[in-house]
Amino acid sequence: MLAQKSPSRNDMGSFLTVDLQSTPMDQRKPPATEEGWYALHDCRSIDWDAWREAPQRVRDRALSEGIGFLDAYEAVEDADEGQTAVYTVMGHKADIMILHLRPTMGDLDAAERHFEQTEFAAFTEQEFSYVSVTEASGYTEKSREYFEGEVDDDSGLAQYIQARLHPDVPDEEFVCFYPMSKRRQPDQNWYDTSFEERAAHIKRHGDIGRGYGSEVSQMIAGSIGFDDWEWGITLWSDDMRHIKELLTEMRFDPSTSQFAEFGPFYVGRKFDPSELPAVLAGQRVPTDDASVPETPADVAEHEHAPADAGASHSHAEEPTASGAQTGAHAGGDTDSHGGTHPGSASEGDHPHSEESSDEDDSGSSSSSGGRPDVSADFEEIDDAAQRLGRLGLHEGDAYDAGDYALVFHSSADAEDIVDDVSDLESNFDHYDRHVQTAVRADSGQTYVVSIWTAKDAAETAAGFLKDIDGVDEQLGGSLGEGVEGSETADDSDAQAAESSQSIRETLESAGVYAGQPHGEDVYALVVYSEADAETLDEEVTDLRSAFERYDTHVQTTVYGDTDGDVAAVASLWDTEDAAQTASDYLTDLPGVVGRHGEGDGFGTMGMFYTVKPEYHEDFVEKFDTVGGLLKEMDGHRETSLLFNHDDENDMFIASQWDSQEDAMAFFRSDDFSETVDWGRDVLADRPRHVFLA
């Protein structure tokens, strides 16, 4: 019997080689990718208990800094290019979501830390965040041509891919963000399938997405190595049902049902930074200007910038890229939004899509990203008033002397552009300096007319009007001289200072809440009486009980001075009509000798202060010091410090001056500003200035 031969070392090597060669070890082919802007989805919850308990002055300062941050970042004052938008978030996961898109990760890093420096951030907690980078990848033959450099940079496909990498955040009302990954189970491993199989999945998935192209916009951002999931998907639509329908249909596609894993979904609604007070007040947003709570930022014309940015940025009066973008692109193609649609070109390993197989390079051209160009040149003319007259627009009815008009000719029929112009007008109406914008026809010609109270506002509006279909000739000119046109600069400044708006702005800049004199705020009446405070208090108690039956009543309070020489009754109301009606009852109180603001001179109507009890004496001493300064000021007649009969820490200061300008000189003085700054630590609430009803 022959002995079995043991395998030699060479035989063993041959055996192992054969065994290894029989095991499949193919390297799977990843798609080519290109990256664009870095993205941060920053989801925050509000500490509602802390917000409710905070003093009003702290809330005002937090809102001002929050609006300032969001305004500045929406204006991309921190970087060369990018986008920022803010959304409410519904449900328990968060309250707001700030979306930043920036060229570098350093930009995102600074943005996140800069927000934490604001007082508003102190009332928030970061519940969720996601870091990614916009991505385009190629599975189809045409996209591979782009990545292989076979497509011209100015081709429709190349521009489209660049728009995906540098998107404009669209103006759709709703946002839906969620992270996702491809499944890696033994029998369902996306990364173990061949390139051809993955490409087939992507194409079929894209066919579904293209069916929703006019209803849903999207942004795809890759996050492999950046975050816990592999992609971040952001969808926008004006109807959340479209997003639901899209995702439902895609769930039944094998590329999702077999290979997709999803993270948490965040759904919200877009709002303008100026509406942050409305969001915190529980109001519906978007909202009209009249229902947005007044904040220091509103009065300061929303001029804000990051601490390290050199320039400030105004949102309150001039149309901006973010403010008028919807109207500027009304009726345009989807590329003008910058947000891509499901099923569009160059998307990668995510639950959406690839480009249409029949798309050619001459397809839609889109912007390469960044904010819309809002600059426009127009020819300056001297006969703007005459041109408007021929179009049926006349001084006194359609505009005031000193306004500025743009007259743009369009080769399009008036009926074809009226909707676009109407959309623009709706956006322009958010700005105080807008008078009107309309389409006019004359002798078979079509004109777009836009009237503003100042040339610089009109110049900004021109950047949006130039995009109206068929616009060729672009003209602009002044509509005569306003009242101040014939006056000196000093006279002009004095006249401006005499407006109630100027009072409000001056006081707000010093940190004093000054109610809108003829707008959404309270109206105040004050009557003076020779009767003692005890007698007045009995009468006012009965009167207050009657007043409190009306929703428009805010408060009615008896104030007196320490010597008992002066007594006053202050009554605050939500509406002017209610205040005027109440005045009939107030003048029937015993010993009334006059009503504040009667006679010649100017009564500022007064300042209401609530002082922390431990600082009561300090405040009285400070008033004595300031009172001494007032006596030396030109035009000052009398200033009294009065105390609430029921609460000595509730105080009312009434002043009388020869003229409004004399009073404004004090409000603009360093002494007044220093006093207000001093008061921040001693007051229990922000001081309020109210105006005569």
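Reader: At about what angle does helix α14 run to β14?
Author: Helix α14 (residues 414-428) lies across β13 (404-410), β14 and β15 (445-452), where helices (H or I, at least four residues) and strands (E, at least two) are DSSP runs numbered from the N terminus. Contact means heavy atoms within 4.5 Å, and axes are lines fitted to C-alpha atoms, for helices over the stretch in contact, with angles running from 0 to 180 degrees between N-to-C directions. On that scale, α14 runs to β14 at about 175°.

Reader: What pLDDT do local features need?
Author: Residues are numbered from 1 along each chain as its sequence is written, and side-chain values use heavy atoms, with hydrogens and water left out. This is a predicted model, in which totals for chains, interfaces and linings use all residues, side-chain atom pairs count only at pLDDT 80 or more, and local features need pLDDT of at least 70.

Reader: Which strands stand at the edges of the five-strand sheet?
Author: The sheet is open, with mixed pairing and the order β12-β16-β13-β15-β14, and two strands pair if DSSP finds at least two bridges between them. An edge strand has a single partner, so one side of it is left without a neighbour in the sheet, and this holds for β12 (379-380) and β14 (434-442).

Reader: Which residue of β16 is the bridge partner of E379?
Author: Strand β16 (residues 471-478) and β12 pair in the parallel sense over two bridges. The partner of E379 in β16 is L475.

Reader: Is L465 buried or exposed?
Author: L465 lies in helix α15 (residues 455-465), which lies across β12, β13, β14, β15 and β16. Leaving out residues up to four places away in sequence, L465 touches L406, F408, L424, F428, T437, V448, S450 and V471. With buried meaning under 20% relative accessible area, exposed over 50% and partly exposed in between (1.4 Å probe, protein chains only), the value of 1% makes L465 buried.

Reader: Which helix gives the most to the lining of the largest cavity?
Author: On a 1 Å grid over the protein atoms alone, a cavity is a set of points where a 1.4 Å probe fits but cannot get out, and lining residues have an atom within 4 Å of a point. About 250 Å³ of space lies in the largest cavity, a volume being the space filled by probe spheres set on grid points, which are joined across faces, edges and corners. Its lining has 17 residues, of which Y609, V626, I653, F666 and F672 are the closest to the centre. Five of the lining residues come from the helix that gives the most, α20.

Conventions. On a 1 Å grid over the protein atoms alone, a cavity is a set of points where a 1.4 Å probe fits but cannot get out, and a pocket is an open set with protein on both sides within 12 Å along at least five of seven lines; lining residues have an atom within 4 Å of a point.
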